[in-house]
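Biologist: Please show me the model, and then let me ask how its labels were reached.

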Amino acid sequence: MANELIFSVGCVAEVLGLCAIVIIVVVGNKAGGFGSYPSFNYHPLFMTLGFVFLFGQGILSFQVIKFFNIQIPRTVEKLIHFGTMSMGCMLMVIGWACADSRDNSDLFTHLIEYNGSPHCSIGLAAIIVFGLQGLVGFSFFLFPKCGSPLLRSKVVKVHRLIGLFSFLMAVIAAMMGATEMALLQSLNDSMSSVRSLLALYVSCVLLFALSVLTIHLRPLLTTAEEQKNYSNIELAADDEMSEMVITENTENC
């Protein structure tokens, strides 16, 4: 029963994430369109693509592989995760570069000092944490695999926790940015349709994040038997690290 629920939640997450992207494209078209780069309207689009949608996909990559019992080397699993996060990072950088542009955009009909806003501050903090996470993940788990296997087995737990935290920060920043846009457009009666779309966008992003969290916290939704099987899969995924620890201890003796 839990497996069917998780699969359903996963499908819902994908639909919600794609809906959020489509909505932000429609909003951009209604608010001046997508002109030559860098136009501000590219900022919410690329940040949604990279910082929300692909970030969520990267978190779910290991879960999907385990759920469908796809037999691939652990290194390939890590490369899929790293590649997804890297694509998200590139789109995030492109989107961030457009944040200060007002060209061809009606989203800022009343000029404000955008830098220093809560949305900007939380978004910047999430970006910094995201970048540090990437450096730690690459250096500890791909190349050159810093530290002992025992240390990496501890670092991976912190890596997962902080990664989830930075994802939540990114989602909060996205929702705050959409809220700020909607508040600005409340001063312009001709943009009421944009405000409605932004409210729908916030709902999709929030539900997408909740779906990702539900799948990530899958063990809490499983029965005792399923929990045992899930734990076995988790242990199997860490076999490489465990074997290295045992080999290292044997050599030291």
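Modeller: Buried residues account for 45% of the 253 residues in the chain. This is a predicted model.

Biologist: What counts as buried here, and why is Ser211 called buried?

Modeller: A residue is buried when its relative accessible area is under 20%. Ser211 has 8% relative accessibility, so Ser211 counts as buried. Ser211 lies in helix H6, residues 192-216. Apart from its neighbours within four places in sequence, Ser211 is in contact with Val9, Val12, Ala13 and Leu16.

Biologist: Which secondary structure elements does the chain have?

Modeller: The chain has eight helices and zero strands. Along the sequence the pattern reads α-α-α-α-α-α-α-α.

Biologist: What share of the contacts joins residues at least 24 apart?

Modeller: That share is 78%, taken among contacts between residues at least 6 apart in sequence.

Biologist: How much accessible surface does the chain have, and what part belongs to carbon and sulfur atoms?

Modeller: The accessible surface is about 12,900 Å², and carbon and sulfur atoms hold 70% of that.

Biologist: Why are H4 and H5 called roughly antiparallel?

Modeller: Helix H4 (residues 118-141) packs against helix H5 (residues 149-185) at an angle of about 155 degrees, and their axes are 8 Å apart. Angles over 145 degrees count as roughly antiparallel, and H4 and H5 therefore get that label. The crossing of H4 past H5 is left-handed. By class, the contact of H4 with H5 has 17 nonpolar, eight polar and two charged residues.

Biologist: What makes Ile162 partly exposed?

Modeller: The relative accessible area of Ile162 is 33%. Partly exposed covers values between the buried limit of 20% and the exposed limit of 50%, so Ile162 falls in that class. Ile162 lies in helix H5. With neighbours within four places in sequence left aside, Ile162 is in contact with Val129 and Gln133. Ile162 and Gln133 are 29 residues apart in sequence, and their C-alpha atoms are 7.7 Å apart in space.

Biologist: How do you know that H5 is roughly antiparallel to H6?

Modeller: H5 and H6 pack at an angle of about 170 degrees, with axes 9 Å apart. The cut-off for roughly antiparallel is over 145 degrees, so H5 is roughly antiparallel to H6. Residues of H5 in this contact include Leu164, Phe167, Leu168 and Val171, and those of H6 include Val194, Arg195, Leu198 and Tyr201. The contact of H5 with H6 divides into 19 nonpolar residues, two polar and one charged.

Biologist: Why is Ala174 called buried?

Modeller: Ala174 has a relative accessible area of 15%, and the limit is under 20%, so Ala174 is buried. Ala174 is found in helix H5.

Biologist: What makes H2 oblique to H4?

Modeller: The axes of helix H2 (residues 42-67) and H4 come within 13 Å and cross at roughly 45 degrees. Roughly parallel needs an angle under 35 degrees and roughly perpendicular needs 65 to 115, so H2 is oblique to H4. The crossing of H2 and H4 is left-handed. The contact is made by His43, Met47, Phe51 and Phe55 of H2, together with His119, Gly123, Ala126, Ile127 and Phe130 of H4. The contact of H2 with H4 has six nonpolar residues, three polar and no charged.

Biologist: Why is Asn69 called exposed, but Lys145 partly exposed?

Modeller: Asn69 has 53% relative accessibility, and exposed means over 50%, so Asn69 counts as exposed. Lys145 has 26% relative accessibility, between the limits of 20% and 50%, so Lys145 counts as partly exposed. Asn69 lies in the loop between H2 and helix H3 (74-97), while Lys145 is in the loop between H4 and H5.

Biologist: What is the phi of Asn69 and of Lys145?

Modeller: Phi of Asn69 is near 55 degrees, positive in a residue other than glycine. Lys145, not a glycine, has a positive phi of about 60 degrees.

Biologist: What makes the peptide bond from Phe143 to Pro144 cis?

Modeller: The omega of that bond is near 0 degrees. Pro144 is found in the loop between H4 and H5.

Definitions and conventions: Residues numbered from 1 in each chain as written. Predicted model: local features only at pLDDT ≥ 70, side-chain atom pairs only at ≥ 80, totals over all residues. Heavy atoms only, no water. Helix = DSSP H or I, 4+ residues; strand = E, 2+ residues; numbered from the N terminus. Buried < 20%, exposed > 50% of the residue type's maximum accessible area, 1.4 Å probe, protein only. Contact = heavy atoms within 4.5 Å. Areas by Shrake-Rupley, 256 points an atom, 1.4 Å probe, with all protein chains shown as cover. Axes fitted to C-alpha atoms, helices over the stretch in contact; angles between N-to-C directions. Left-handed = near helix turned anticlockwise from the far one by under 90°. Nonpolar A, V, L, I, M, F, W, Y, C, P; charged D, E, K, R; others polar.
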